[in-house]
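Dear colleague,

Please find below the structure that I am handing over to you. I would be grateful if you would read the notes that follow it.

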Amino acid sequence: MFAAVVVNVPAVTGTFDYRVPPELAGRVSMGQLVTVPFGRQILQGVIVGFMETPSVPETKPILDILDPLPVLTHIQIMLAEEMAKANLAHLAAMVGLMLPPGLNQQGDVLYSVNSDQWSVVSGQASVIQKRVVDLLNERGPLRGRQIDSHIKKVDWRKAVQYLVKRGVLATQSVLPAPRVRPKHVRLAQLAVPPEVAEAAMQNLGKTEATQKRRAAALGFLLRTKVAVNISWVYAESGCNLADLEELEERELIRLFESEIWRDPLEQAGQRANMDTGAREVELTPEQAHAFDEIKQSISSFDTRHPFLLHGVTGSGKTEIYLRAVEEVIKRRKQAIVLVPEIALTPQTVHRFLVRFPGQVGLVHSKLSEGERYDTWRRARAGLLKVVIGARSALFAPLPDLGLIVADECHDSSYYQADPPFYHAVTAAQMYSQIAGAVCILGSATPSIMQRYQAEVGESVRLELPRRVTPVFLTESAAGLPPVSIIDMREELKAGNRNIFSRELTEALSNTLARGEQAILFLNRRGTATYVFCRECGYVLKCPNCDTPLTFHVDGKERLLCHRCGYARGKPKTCPACGKPSIREYGLGSERVEAEVNALFPKAQTLRWDWETTRQKDAHELILNHFASHRADVLVGTQMLAKGLDLPLVTLVGIVLADVGLNLPDPFAAERVFQVLTQVAGRAGRSSHGGRVVLQTFDSANRVIQLASRHDFAGFYESELQERRRLGYPPFTQLVRLEFRHHDEIVAGEQARALATKIENLRTTGNLQQISVIGPVPCFFWKQDGQYRWQIVLRGSNPRELVRGLKLDGWRVEVEPVSLL
């Protein structure tokens, strides 16, 4: 028997046939993780099929099975194949997405130094070659990826090829062992009847101290009766391992190991169990109609089309998700609930834990590898009924998937912007079709494409046109808060140089006086947008990305690149003219926080942006702090527009609505409308009511006007007309090809060469209906030290133009969410 194996080399396409050796016959199965020889390397691979006759005359054997259970389900293998085809990606890259970090290991090369040979060529060695050899002499033999962590942003591999040929460096192919494994703890338990243990208590040691420790340990186990972690025994009795081993030698106790689950929701589950506020929610007529439609689809196994649950902010979409999950669990199936940001998981997880205690798993990138591995194993074993998380949660190996929910389905965070590229919402729709599961896409501002799919019958639109909570009569019929547009040009004419308009300042003062909460939103981090010399105009830029550095004062003054992370101190004099005229200009979240503190020194403020949420559980800490009213004002960036439910917030101030509005990208208007509408929806989600103050320098702009009226229908119609006129999705499809190189000239040459090849293919293949935009430098033309050029293909099916092309070194994006 022979097996088709996807080897773990993301740049290698297709599958490879391997022989199943006699010692593994009967043990191998579809979806198993195995080791196989591949050229001179030993690599991981996943079995994706079997055959009686291989496609090649000579085959190599499978070497070993790394996990007796399949790591991918049959349906996941089908999903990986479909995603690879749809995204013009390698199958191995898509399979890699579905394995937990730490289990998925790639082959590597171990480098070591031959000191005798190095002394011969060291005088002619380059700087990079010397750095590599010095590192190996200092640290000993290292794998290639270990060297990567020490020597960054440099192609050292090309530099050391010469040293390998001269025998200075020895190389050996290695496959690192998986970094994750089940966790075991050592337990202690009483092994004799209580009366026997009590009789032995007086004669446990030769010295008084030893006797006291062992008696305390035995007494603790006598009281607890069940097996406990030996660290607890140490803490309670002051004993050590030698004491416990002596008690075991006397057959009074037994010591043994037991596996434990690393569950990131253990504490959250305990808090949810204490939540006595959960009660049956009565659905509005619109909610009841939407749920009946979904329930009918679940009952009849009609999964032909996804549901677009289009409801205004606060319309009760989550309650419908909960009831749909409940219906699926009744039928002994499982559900995946996707949220776009880690920031949303605490509130979402709590609601699901209250409804489904002990049945919920969590997956996102801030968890430890061990937590993600154990959640993955529990999902595979069918121990979890619901898996919640960001993009990667979609690939939890649930054995009988019945429902996929993508909350805030419009959000660009669902798009993976690094290889392998894919959109999690598109993949969810694909997965539901393959698995025969119901798919629900929920949003107050679905993307133009998602709304259009409903219009042409590719999905079923269910509308929730009003909020479920009581509201003041001054608010709209949908229960949405009124929005005041403040033209900041008029504020300047009136002599107001503050970042807050007079109306926003007054609204903040009144809100704080009533003991209510406010959110101030700005789609920028930092204190100042850029730093420049007031004398000569020189702007300090990132050497890697050529974009202005942002000024931060969090802890200490520093200039930071928000694209690659480059940081430096603020210079005292201008690097160009030498004059001490360095100044900051612009507006960021740190400055907004500082202004609030200056205007309202008694108010407690919190800032919620990338800088304040880098640590694990930071999102939950900030959210809990604000939700429990231990702060009055929350200042933040895009995270605030992600479906948060904060009943005490009665004021939302949008400090500068224009950010991102005029970028040269066909999707810019859609992004701005979505974020403004979403953040406005954080206000007035309780009987307190609420309002929104929107500050702008472009008050007549159609996006600003429509967002202020919460007018999704108007925006959809106007944007659809604009897309039709310009020839962008949903009326065409896009494929974006991007090439990056440290040499600006090489990047341009490669882009022009591929464009010429594509133009020839268009002509000879009769594909003139596909238009080619470019090659041109990207808007952000330099990033992380590399120059970026792009070619955009536009037409009814641009994939076919490049499907057979060899695109080594190119980043290929199908239906990109941005052309910047």
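This is a predicted model: local features need pLDDT of at least 70, side-chain atom pairs count only at pLDDT 80 or more; totals for chains, interfaces and linings use all residues.

Residues are numbered from 1 along each chain as its sequence is written, and side-chain values use heavy atoms, with hydrogens and water left out.

A search of the whole structure gives 42 salt bridges (a side-chain nitrogen of Lys or Arg within 4 Å of a carboxyl oxygen of Asp or Glu).

One of them pairs aspartate 108 with arginine 143, with 3.9 Å between the closest N and O atoms. Aspartate 108 belongs to strand β7 (residues 108-113) and arginine 143 to strand β8 (residues 142-143), so the contact ties together parts that lie 35 residues apart in sequence. Strands here are DSSP runs (E, at least two residues), numbered from the N terminus. Aspartate 108 is buried, at 7% relative accessibility, whereas arginine 143 is partly exposed, at 28%. Buried means under 20% relative accessible area, exposed over 50%, and partly exposed in between (1.4 Å probe, protein chains only).

Glutamate 535 and lysine 579 also form a salt bridge, at 3.9 Å from N to O. Lysine 579 is partly exposed, with a relative accessibility of 40%.

Arginine 736 and glutamate 738 meet at 2.8 Å, N to O, in a further salt bridge, and both residues are buried. Salt bridges with shared partners join Arg736, Glu738, Arg740, Arg788 and Glu813 into one network.

With kind regards

Definitions and conventions: Helices (H or I, at least four residues) and strands (E, at least two) are DSSP runs, numbered from the N terminus.
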